[in-house]
Amino acid sequence: MYLNTHTYYSLRYGTIKPESLLQLASQFGVATMVLTDINSTSANLDFVRLASKYTVKPVLGVDFRNGAQQQFIVLAKNNNGYQLINKYLSELLHLENFKVPDSVKNIANTYVVYPFKNETFNLNENEFIGVKPSDLNHLKFSEWRFQQEKLVILKTVSFQNKKGFNTHRLLRAIDNNTLLSKLPKSEQGEESDMMLPVEDLKTIYSEYPQI
């Protein structure tokens, strides 16, 4: 399952249209996929409506970020969870100075995924740590290697191809009101944030089969 995928409704960040994301999933053998646009649920209706056409089970959530900085991902277990996620997102968006906190308040009927960090902290039953492929070397020296039941694969998908990544960089430069040549790495996604076949993903994480 892909837990962190973006469409171009992740404004000034994502570059894939919803149906193209589903086409990729079908092509690469993905049976279940979570749409987690950044601070947005605008693509969800189309995503759910089109998912059966590509034999993909749709799951909905939100990638909560401050700019390009991921704070946490919240996934809905059911319709009630999805409603509560939307309520929480609306509360944040209506703040005079929008800012996502470091941790999420308790939201019923949801799962929460925090980005990987080396320090260990207590997690609730519904909370997990997401491990990107680029985190695997760090995991070898982290206390989290002894708590793999709380780890999940977090392979982000924001771009369809290299052209999509280049478009993303232009969008990020516009959002930051800066020249492309001066856009900091911290304000960009990773060029590798593209979908891979499921078998390739299993191979990448083969050293940690419990994840």
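Before I show the sheet, one definition: two strands are said to pair if DSSP finds at least two bridges between them. Please also keep in mind that what you see is a predicted model.

With that cut-off, β1 and strand β2, which covers residues 32-35, do pair, because they are joined in the parallel sense over 2 bridges.

Stepping back to the whole sheet, we have an open sheet of 7 strands, in the order β1-β2-β3-β4-β5-β6-β7, and the pairing is mixed. Its edges are formed by β1, residues 2-5, and by β7, residues 151-153, each of which pairs on one side only. On average, and with direction ignored, neighbouring strands of this sheet are turned by 35 degrees against each other.

Now to the helices. Helix α2, residues 44-51, lies across β2 and β3, the latter being residues 57-66, and runs at about 155 degrees to β3. Helix α3, residues 79-93, also packs on the sheet, where it touches β3, β4 (69-76) and β5 (110-115), and its direction makes about 20 degrees with that of β3.

Finally, I would like to point to two asparagines in loops. Asn109, in the loop between α3 and β5, has a phi near 60 degrees, which is a positive value in a residue other than glycine, and with a relative accessible area of 31% Asn109 is partly exposed. Asn177, in the loop between α5 (162-175) and α6 (198-204), likewise has a positive phi, of about 50 degrees, although it is not a glycine; Asn177 counts as exposed because its relative accessibility is 72%, and the cut-off for exposed is over 50%.

How values were computed
Residues are numbered from 1 along each chain as its sequence is written. This is a predicted model: local features need pLDDT of at least 70, side-chain atom pairs count only at pLDDT 80 or more; totals for chains, interfaces and linings use all residues. Side-chain values use heavy atoms; hydrogens and water are left out. Helices (H or I, at least four residues) and strands (E, at least two) are DSSP runs, numbered from the N terminus. Axes are lines fitted to C-alpha atoms, for helices over the stretch in contact, and angles run from 0 to 180 degrees between N-to-C directions. Contact means heavy atoms within 4.5 Å. Buried means under 20% relative accessible area, exposed over 50%, partly exposed in between (1.4 Å probe, protein chains only).
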